[in-house]
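Subject: Structure handover

Hello,

Please find the structure below. My notes on it follow.

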Amino acid sequence: MSSIRILTTELAARSDNSLRSLLAARPDLISPPVPDFAALAARACARVSVARALDHLSQPQMQVLEVLHLSTNEDLGQSASAGSLKPLIAGSTTAVIEAILEDLHARALVYRAPDGSGFLAVSSLKDVIGLHPAGLGRSYPELVRTQPLVGARLLQTVQALHRFGAGVESASTALEAALAMQSWVSAPGLLEQLLAAAPETTAGMLSRFSAGAMGAVENAQRTVRPEAADPTPVDWLLARGLLIPLDNEHVELPSDVAIVLRGRVIIQEFTANPPAPKLQRTSASLRTNAALGAIAELLRLETELLSQIRNTPLSTLRAGGVGVREVRRLADALRVDTELTTQLLELAALSSLLVLDVDTSRWQLSQTGWQQLPREQQWLWLATSWLAADRAPSLAAQWASRNSSPSAPSSPAGLSRSSATSSPSGTAGGTGPVNALAAEAHRPDAPVLRQQTLSIMAELSAEDTSNPDTVPVLDEAAILSRFQWRRPRLARRLRRLLAGFLREAELLGMTGSGSLTVVGRAVAAGTPEEALDVLRKALPQPLTHVLLQADLTAVAPGYLSPELTAELSLLAEAEGQGPATIYRFSPASIRRALDAGQDAVRILDFLGRHSATDIPQPLRYLVEDTAARHGKLRVGRAVSYVQSEDDGMLRELTQLPALKHLGLVPLAPTVLISRVGSRELAAALRSVGMSPAHTEADGGVVKVPKPSPSVVRSAGPARRTGGEAPAEAEIAAQLAALRSKPSWAPSGTEAAPQLGLEILRQAIRLKKSVNISIVDSNGNHDQQVLVPLSVTGGRVRVYDPEREIERVVSIHRVMDVELADLPDGKRVTQ
Amino acid sequence: MTDGPLIVQSDKTILLEVDHPLATEARHAIAAFAELERAPEHMHSYRLTPLGLWNARAAGLDAEQVLDTLLKYSRFPVPHALLIDVAETMSRYGRLRLEKDPVHGLVLRTDDYPVLEEVIRARKIEPLLGPRIDPMTVVVHASARGALKQLLLKIGWPAEDLAGYVDGTPHPVALLEEDWKLRPYQQLAVENFWAGGSGVVVLPCGAGKTLVGAAAMAFSGTTTLILVTNTVSARQWKEELLKRTSLTEAEIGEYSGAVKEVRPVTIATYQVLTMRRGGLYPHLELLDANNWGLIIYDEVHLLPAPIFRMTADLQARRRLGLTATLVREDGREGEVFSLIGPKRYDAPWKDIEAQGYIAPADCVEVRVDLPRDERMAYAMADDADKYRLCATSETKTAVVERLVKAHQGEQLLVIGQYIDQLDEIAERLDAPVIKGETSVKERQRLFGEFRNGTIHTLVVSKVANFSIDLPEASVAIQVSGSFGSRQEEAQRLGRLLRPKADGRSARFYTLVARDTLDQDFAAKRQRFLAEQGYAYRILDAKDIATTG
């Protein structure tokens, strides 16, 4: 019976609680909702869903599943129980395997065999788990069946071995040869004996196959004889059929051999509990210091970055992303390095503080009101956006730092940098540099990996409670090894991103001195809001005063309110980097403020109001002196002018109501200016009875400042959407819907095509023919008996035994499939 | 996190809020490893430099203590990167050690094999080293001790110098503390110096650096070589030593252009040492003439380049550098530290002033408007002439006259750069001029008369910038200077800082032509003093009569 049918029955029989935990573990099963249990079972067996479920299995779970997969055969009804799996997994106990099997069962990845003897894996597992489960190759019979070149060669080898007197049964067909080899190598003690007589380096050579079953060998199909003298290890192995050439370049170690080499187990290392890494320690106060410092610094820099971009939006490259020159300009303005600048930019963009204006291809400020938020809220915005972001900002930042070598000596005094900074991670997988904000840094799996990494960090920190004054430093290797245990299938993807994650987490204060912080724990638990209280206390209230000094500086001893910062930045140049900012006044900066419409009285009044002390005399003098001499030359805009020696007449013109719209203003005796064009001016003057002469003036054009760029509205920080456990209510609704339907109603439901596919795949494996009902382009049904050969890309390749041809049928034209009852129809030969 | 007085910035500066109750405590704590950079009225700023951190290591402080201090007094979280940087920097010190080996003499030894490998491969260092004794030790040529230390510092692996000092020929010197006492900061400076071996003591002008030198000699009790800037200064040192110590006329020698005496205590001028004849320095032998136990460098910020090189060979002798303004326009402060030794004592001028040991000073910048014709001349002049034109404006002369009148009866100096200008002013004021061509004898006579009040006004050129002790001068008018020299400005103010008998404050005027190069240079010149907390009031020339 097919796995979908069995699973349907099983699922329908489950309790609500059991279903609830299944749906919580595999939320994709009901997104979108399913109509009935058959559809649910079909979806649970779908390749994509199984792959997703495997991503969330731990190493022992994966190992048990792999072993189960290897030691069962769905088609033959061969199932396995914990007891039968235990001997294949070194270091395991029946109870542990039992528990894991139950868990896998709860996740609907395995089902109970109909006879109740044991478990079977769902059929699509084969496709998801790959060719080499548990690092093992295929068995002799399977190699013969699937690899066209293997059969003939194996037959030759077996015959040669038989003649050589190695104790192999003789064989006349490829399959017989395979079976002969299988029983030969698994005879107790035989392989050990054989290897003892092998050339010296053979054992070392075989050990290289422990991770992967395939190897590359030149001229793999050479003829070698078992009796040849002084063979190389490869020749020796090939001659004995212990390595099977797949083609002329590749060889595979059959699983039958590998299992014997592994001591007749499949899994050699099995740890039911995660390995506990040895972690360095740092002091709790250092950690808090580092994290709070990082948060304050991040918010300060981000604010400064935004105000820079407000003035000059960032232009993009034609190839996408922001070019290195723009980044460098920003970095100079912020007085930080380009790597940090890139990270800040990315963070601003993924928090939608910056948006790309598609008309101008420029990144500019969005109107989010972020800058007006209290600082802890600003942080929350950035942190939640980061968690949800499907980008890996550090991929873009990496190239920015490629040339800056990390400092070598290890740091004493219990300090530790997040391990991320000490490992010069390679560039984006050899794909060349990724520009800031370029599409290449897009990583859809980033939110999941980020969440997993954080929870693993929380887990590692929680395990360590030895000393409350010191906290463990979570280095990259420790996190990765735990990740490898907890989520082996995701770990590979994390490897390249982890360093970046850690760097970003450090930037956001989730780690400090390499250790997870209170803030980080709250974020890991999925409740970053809980960190707000801590931050509210740790981030002091904004100051509203500065210290004015006689050396023409104003020192802001801490975080200044944004309005005060804006005003001071106009009056003086900001200097320094850190919690306090020093503003330096100079004639140029005061002039800038005067240009912006300030005057001496207002400036002094402002300074007086926000100064903790009196305004020093030199500063007062500077402001007054600069103001007194400001505007000796004036620049303005006039479109046309009227000139006359008759001053009285000009005065008269300015008074005439009919000429009001011309905006005539006396500029000096004998000259009026107007804001309309000279032609219009002349016409207007004529209309009141004057007769002006029109002269063309040649003068420079006065440039006017561009109006500030428009801002684009954005809703708020991005939140996580996919990948989360579904809400309780959703699950409840789904359960109610499922319970209201009969448990098995395959036709016309979502399950039907899945079932059809499953039957096709089964037929392919068993080389059986199927009864298939196909609709042609005219809508006519046609029932045929065909032998399916392969299913890919929505098409099935079939062999038509009657017409003796191969053809391809689209799956959507297949209305119904069932295994043909005819006991073997005609054998397919290729 | 406390509500401390420090704000530690990520750009490696530390701000100290002066009015905070813990400010003094914090200042003492960080002074050991951070350099005071600016000391304006509310917020002093210190800088963490590798050199400062290494000096702290040399003085026995370790990274943990430094970090603790920062964390303890900081108001906000301390940037983590900075903490790591401090720890890493400090851990570099002492991986290499200069030691005396009983067999091989001076050796460079390490516990960290790769560091030694790196160092001996440096191109410039290789020639200074002798054969390798074992994997961890290499012989150093004795004469290369200073040069090696300097180069190691440059490549970031400062060596800990454990090779010690030669004792020198004993020659007891005692301080005669009869009607005076060594001031607490002087005492502290000498103790710090002696504990550290060699180094620089920075004290404001008029704060009694000579006495620090004398006290160091008393501590040492050996023959001493004192290097000074000029002959007048040499004579002042001699007088001061005769007055304050047990030394007699016969024990003190002068080695200058005029006299060449080598005695247990010898005072030599930089000039005579660096005099060159036929490609040789004939007077350099002086350095080896006696087994000096102590070498004192007066006004170490002026140390000429050849002396730098020679000093590199004197590393086995104790060295004391004295200065008020350790800023060099050539930016070679670092070399002073690596060759003489680290800064052993530094006090903000305002601190000493607050303790009453130097006179408070009121600095006034007077802005004069150039008359129309001079402005035209200035606008059209070549760049090379511009500064001279605006600095020597005639209107300044008139302002000087007004100021002199306002300060009638006080001892007043007019200081300038351009001789023509000074001559003209002297003529208008009917006062004597001291300039380069004035003989030493004449100078001493005029200074003497000024000191005892026979003359009230003295016009001086830059010859009086340093080391001239004029205790009664209370008003100085600077009419022009050497472009933007910060230390010149400070030294000129320093002439006024001897505490006055009646506790008056000193008045320092600097005349500046508005809207010209003069104004830009003035701003630059004032920076050192502004950073020391001297605030310049700015007045317009036309307001003088009312405020003077």
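First, a term: two strands pair if DSSP finds at least two bridges between them. Strands are DSSP runs of E with at least two residues, and helices are runs of H or I with at least four; both are numbered from the N terminus.

Some ground rules. This is a predicted model, in which local features need pLDDT of at least 70 and side-chain atom pairs count only at pLDDT 80 or more, while totals for chains, interfaces and linings use all residues. Residues are numbered from 1 along each chain as its sequence is written, and chains are lettered from A and ligands numbered from 1 in the order in which they are written.

**A sheet in chain B**

In β2(B), B:L15 is the bridge partner of B:I7. Strand β2 of chain B covers residues 13–17 and runs antiparallel to β1(B), with 3 bridges joining the two. Both belong to an open sheet of 4 strands in chain B. The order is β1-β2-β4-β3, and the pairing is antiparallel. At the edges sit β1 (6–8) and β3 (35–38) of chain B, each pairing on one side only. On average, neighbouring strands of this sheet are turned by 30° against each other, direction ignored. Here axes are lines fitted to C-alpha atoms (for helices, over the stretch in contact), and angles run from 0 to 180 degrees between N-to-C directions.

**Domains of chain B**

The bounds come from an automatic or database domain assignment. Chain B has domain 1 (6–92), domain 2 (96–161), domain 3 (184–353) and domain 4 (359–547). The C-alpha centres of domains 1 and 3 of chain B lie 30 Å apart. Their contact takes 6 residues from domain 1 and 7 residues from domain 3. (Contact means C-beta atoms, placed from the backbone, within 7 Å.) On the domain 1 side, helix α2 (residues 50–58) of chain B gives the most, with 3 residues.

**Where the chains meet**

How many residues of chain A are in contact with chain B? There are 34, and they touch 32 residues of chain B. α16 (284–311), β13 (547–549), β14 (553–556) and α30 (617–629) of chain A each supply at least two residues of that side. The largest share, 7 residues, comes from α16(A).

**Confidence in chain A**

The mean pLDDT of chain A is 83, and 89% of its residues reach 70 or more. (pLDDT is the predictor's confidence in each residue, from 0 to 100.) Residues 698–710 of chain A have pLDDT below 50. pLDDT also stays under 50 over residues 823–830 of chain A.

Best wishes

Note on methods:
Two residues are in contact if their C-beta atoms, placed from the backbone, lie within 7 Å.
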